[in-house]
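Good morning, colleagues. Please look at the sequence and the structure as I bring them up, and I shall then take you through selected features.

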Amino acid sequence: MEEPRNPGVDRGLTSDGESPPASTAGGTTTVGTAGAFRGEALSWELAGGVLEVTLHRAPANEIGTTTLAELEGLVAALYAGAERGTVRAMILHSAVAGGFCAGADLRELYAGITARRAAGDAEAAIEAEVRGFIDRIHATFDALDQAPVTTVAAVHGVVFGGGFELALCCDLVVADKSARFAFPELRLGLVPGFGGIPRLRRDVGNAVIRDLLLTGRTLSATRAHELGLVSQLVARGEALNVARHVAAQACRFDADVTRAAKRFIKPLPAGELAREKDLFCALFTSPVVSEALRRFTESHDARPYLP
Amino acid sequence: MNTTDHTTLTARLMTLASERFDRPLAALSADDDFFHALGIDSLQALDLLTRIEETFDVEVPDYELQGVTTFTGLAEVIARRL
């Protein structure tokens, strides 16, 4: 079968000589000079109009400050490339064996809070820092959600919490049969904070969301496909290959029409997203969260603490 | 589910696990702690759950598996869904 992907890396991000927006990523900023990026948590390259983004932070692409900074750089590169017409579609996938993304980096989060409290910082200052992080996450995820090109998440293995929310930013989800989706946040005394519930409400019924949210259970890719959450269900190890075909198909359409179609069919649920941020930040100050994070991060059992 | 059926289900689970994680079937027993017997972590346990759901055409909420440590116990949870 013909592969839609061009073998060589397109230098389209910089081929017109313009300087794209500088990445704010924590890793080496290479977007402006090489048309590709390799950071600590993710990398991307452009080929045939498709920006292919790889998450590669072991053990499971947990989203902390490093990943967020690199995602912000991705958004800048994506929008700059779309504006110039060099980026026509985006694929987001993981090179980590365990899965697409296990969600927020709870260990980093807990370590940060513990250090701030040990230093005698006021709770208000800690809350403000959490709010700042959530604001940045939302801005980045909203930008991915509303990207002016077709976006495809190719997922496998764990697609949990913030990882699920990241996948839901994409227009289409191609899942291999190993993928499992979950919102485990209530197990930690929280609600999902990266915009997942408002985004998912666009796609599936409230009963499905209540089941996921209020039990914290995982959902197989097969079931997720039946529910309409997954666009295409594919064999193990084939998600990226199929996503490349999807992206190649998207590239055949007029860019302005694609942009208009997305604006029509995929509005941003801004009000709900704002309320979700408020709820997350309000819950985050609870002692329940601190205790749950402590038990989770200190567990070294093969079966980690999860109520 | 009668005893024979339960024993058969347990044996099928052990076969599935031994093949998936490349462990000799003879080295597994029904009352083994399957995490330890298979040497798997939580991510691999999720993969096992996915394969169980595919093989037996059931949907098993993973919270029902909390506290379940043996193949026998696993078979009891799955039997409720068949």
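**Helix packing, a pocket and a loop**

Helix 3 of chain A and helix 12 of chain A are oblique to each other, because angles under 35 degrees count as roughly parallel, over 145 as roughly antiparallel, 65 to 115 as roughly perpendicular and the rest as oblique. This is a predicted model, in which local features need pLDDT of at least 70 and side-chain atom pairs count only at pLDDT 80 or more, while totals for chains, interfaces and linings use all residues. Residues are numbered from 1 along each chain as its sequence is written, chains are lettered from A and ligands numbered from 1 in the order in which they are written, and side-chain values use heavy atoms, without hydrogens and water.

Helix 3 (residues 106–118) and helix 12 (residues 287–298) of chain A pack at an angle of about 120 degrees, with their axes 10 Å apart. Axes are lines fitted to C-alpha atoms, for helices over the stretch in contact, and angles run from 0 to 180 degrees between N-to-C directions. Helices (H or I, at least four residues) and strands (E, at least two) are DSSP runs, numbered from the N terminus. The crossing of helix 3 and helix 12 of chain A is left-handed, meaning that the near helix is turned anticlockwise from the far one by less than a right angle. On the side of helix 3 of chain A, the contact (heavy atoms within 4.5 Å) includes A:Leu106, A:Tyr110 and A:Arg117; helix 12 of chain A contributes, among others, A:Leu293, A:Arg294 and A:Phe296. By class, this contact has five nonpolar, two polar and four charged residues. Here Ala, Val, Leu, Ile, Met, Phe, Trp, Tyr, Cys and Pro count as nonpolar, Asp, Glu, Lys and Arg as charged, and the others, Gly among them, as polar.

I turn next to helix 4. The axes of helix 2 (residues 65–84) and helix 4 of chain A come within 10 Å and cross at roughly 35 degrees, and this crossing is left-handed. Their contact has 12 nonpolar, two polar and two charged residues. Helix 4 (residues 123–145) of chain A also meets helix 5 (residues 162–169) of chain A, with axes that come within 8 Å and cross at roughly 35 degrees.

Which element gives the largest share of the lining of the second largest pocket? Helix 10 of chain A does, with four residues. The residues of that lining divide into 10 nonpolar, five polar and five charged.

Finally, the loop between strand 3 (50–55) and helix 2 of chain A holds A:Pro59, which a cis peptide bond joins to A:Ala58, with omega about 5 degrees. A:Asn61 lies in the loop between strand 3 and helix 2 of chain A; its phi is near 55 degrees, a positive value in a residue other than glycine.
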